[in-house]
Amino acid sequence: MLSTLRIRSIGVIEDATLEFGPGFTALTGETGAGKTMVVTGLTMLLGARLDRGRTGTAATVDGTLTLAGHDGLAQAIDELGAEEEDGEVLVVRRVTREGRSRAHIGGVPVPIGTLAALVGTAVTVHGQSDQQRLREPDAQREALDRFAQHEVAGLLEQHQQLWDRREQLRARIDELDHLLRRRDLEGARLREALERLESVDPAPGEDQALREELERLGNAEQLRTDADQAATALVGDDGPAAAALLDIAAEAVHRAARTDPQLVPLGERMEAARLELSDLAAELSRYADGIDASPGRLDAANERLHELTTLVRDLGPVLPGPDGPAEDVTDLLESSRGAAEALDRYDGAEEEREQACAQLDSLEQELDGAATALTEARARAAEELSGAVQEELRHLEMPDAAITVEVGSQPHRRHGRDAIAILLAPHPGADHLPVAQAASGGELSRVMLALEVALASHRKDRSAAPVFVFDEIDAGIGGRAALAVGQRLARLARHAQVIVVTHLPQVAAHAGTHLRIEKTSTDGSTSSRIDALDGEERIRELSRMLAGDDHSDVALAHARELLEEATAVGEGRP
């Protein structure tokens, strides 16, 4: 429930705090005193925009919500990390002079949409022109589903889950269709490219190796001559050679080592150098002998390089890598792996699509069955809701009106294929028409109230009472009908918190808490204050509402009688 509301700088209200009772709270006052500003403050807690014309400075609204029984709201606030104290949470909405908006729940900044979504689960505001509940098909369906929550909620959840699975499956089939279309366009080309690559069978880096070989083959004679000359310089017999000179040096060191042992390690190193020179000479000779300068090898290497170069040129654009067409054999082999994986996906797409289509057929049957069960449950609930609203209308001085909640059909949607319409025949012999067309302004208000009372009375869970705010729901109503509206609002307050802005004493008299907003002028400025009324003050306010005079003995007596009768009805006394 909403326990307190503080409003600062909205219209004529500079700073006022309202303390609401747990049941029925009536808010009264002279025209222009600022009653509408209170409703404006409440709608701000629901995320509504503030008319810049209503304030010349920053405006702030603080509301204290009691969380008892509102498990979903309490859990959402806990997930926000918001602070709560003694089971209550403070909700703050501030609009700056420039029109910027800020909202906090339990000290945590939240977007306006989050504010509306969370507070909206507990508070519903009905303004004078707010009859969308009775005009919008979706709102009427939601009302019916709330009325039959225990019968419909499970079926609706099952239907929505099946719907979501079907949409996911349809989306996957669309993806597979796209993949298969790509297979038809690209599959043959990719497969042909991979087959050609396999037939050529290049090795990673082979083209670069061939270029290096061709460079050697083109300079074979010079390479052989240089290698032979180097080998001769190391171990040749026809002239000075490194090996012969090293032999002379080694012999000299060995002789000296016989006199001075310190030269022994140097002699050993010279022996190792002689062996290394011999090995180097042998390697150079083998290199010179191994150079193939035959025209056949040169031609073969040129042909293979040409084959690989053509392969890269032709298949590079067909099998592109992440950086574009391949520039050499190594890149081409790397990018071909992606093409092979694509072909694997193509090959598996058709089988997966067949399976998905079979699942979709089965799911469509399940969804059809779920929609049928949902329609049947709604049809039973519609009949029960029609009777409940009809009974409420009888208490609201509309005994001859006939109301029907009709379950029609519409294209299948996530919530089912049911189109719900509330139809009204305001008097015997009249056709049943959509309630917004068939009812006058006063009748429409009473139908809306009858619907709310029926919905609230049917709730199985009494712990999480919703908060209803009615802004002059009694407009266009008088006499016995006004008294009946007051009685039904009191009945609604047994199952919910009801806050009513009213100008009718017959309605205000039934409230458990009576607040009066009064406008005062001081030193050329006008402001409003809000007082809780009790005893004689309340009787005087009812007298003012009855006769425009809070001092008339007749009006005071009438007000006292009205309050006593309303109290007796509330207590169940005759």
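Which residues touch the most other members of the largest nonpolar core? The views below start there. This is a predicted model, in which local features need pLDDT of at least 70 and side-chain atom pairs count only at pLDDT 80 or more, while totals for chains, interfaces and linings use all residues. Residues are numbered from 1 along each chain as its sequence is written, and side-chain values use heavy atoms, with hydrogens and water left out.

**View 1. The largest nonpolar core.** F24, L385, L449, F470 and L489 touch the most other members of this core, which has 63 residues. A nonpolar core is a set of buried Ala, Val, Leu, Ile, Met, Phe, Trp, Tyr and Cys residues joined through side-chain atoms within 4.5 Å. Buried means under 20% relative accessible area, exposed over 50%, and partly exposed in between (1.4 Å probe, protein chains only). Helix α14 (residues 441-458) supplies the largest share of the core, ten residues. Helices (H or I, at least four residues) and strands (E, at least two) are DSSP runs, numbered from the N terminus. Another core, of 45 residues, lies apart from this one and has L2, L5, F20 and M44 among its residues.

**View 2. Surroundings of F24.** Not counting residues up to four places away in sequence, the contacts of F24 (heavy atoms within 4.5 Å) include G486, L489, A490, A493, V498 and V500. Also touched by F24 are V507, H510, A511, G512 and T513.

**View 3. Q506 in helix α16.** Helix α16 (residues 505-508) contains Q506. Q506 counts as buried because its relative accessibility is 17%. Leaving out residues up to four places away in sequence, Q506 touches G479, A482, L483, G486 and L562.

**View 4. Helices α7 and α11.** Helix α7 (residues 206-218) packs with helix α11 (residues 295-315) at an angle of about 150 degrees, and their axes are 10 Å apart. Therefore α7 is roughly antiparallel to α11 (angles over 145 degrees count as such). Axes are lines fitted to C-alpha atoms, for helices over the stretch in contact, and angles run from 0 to 180 degrees between N-to-C directions. Among the residues that meet are E206, D207 and L210 in α7 and R297, L298 and A301 in α11.

**View 5. Two positive phi angles.** S9 is not a glycine, yet has a positive phi of about 60 degrees. S9 belongs to strand β1 (residues 2-10) and, at 23% relative accessibility, counts as partly exposed. D201, also not a glycine, has a positive phi of about 55 degrees. D201 sits in the loop between α6 (149-200) and α7, and counts as exposed at 55% relative accessibility.

How values were computed: Angles under 35 degrees count as roughly parallel, over 145 as roughly antiparallel, 65 to 115 as roughly perpendicular and the rest as oblique.
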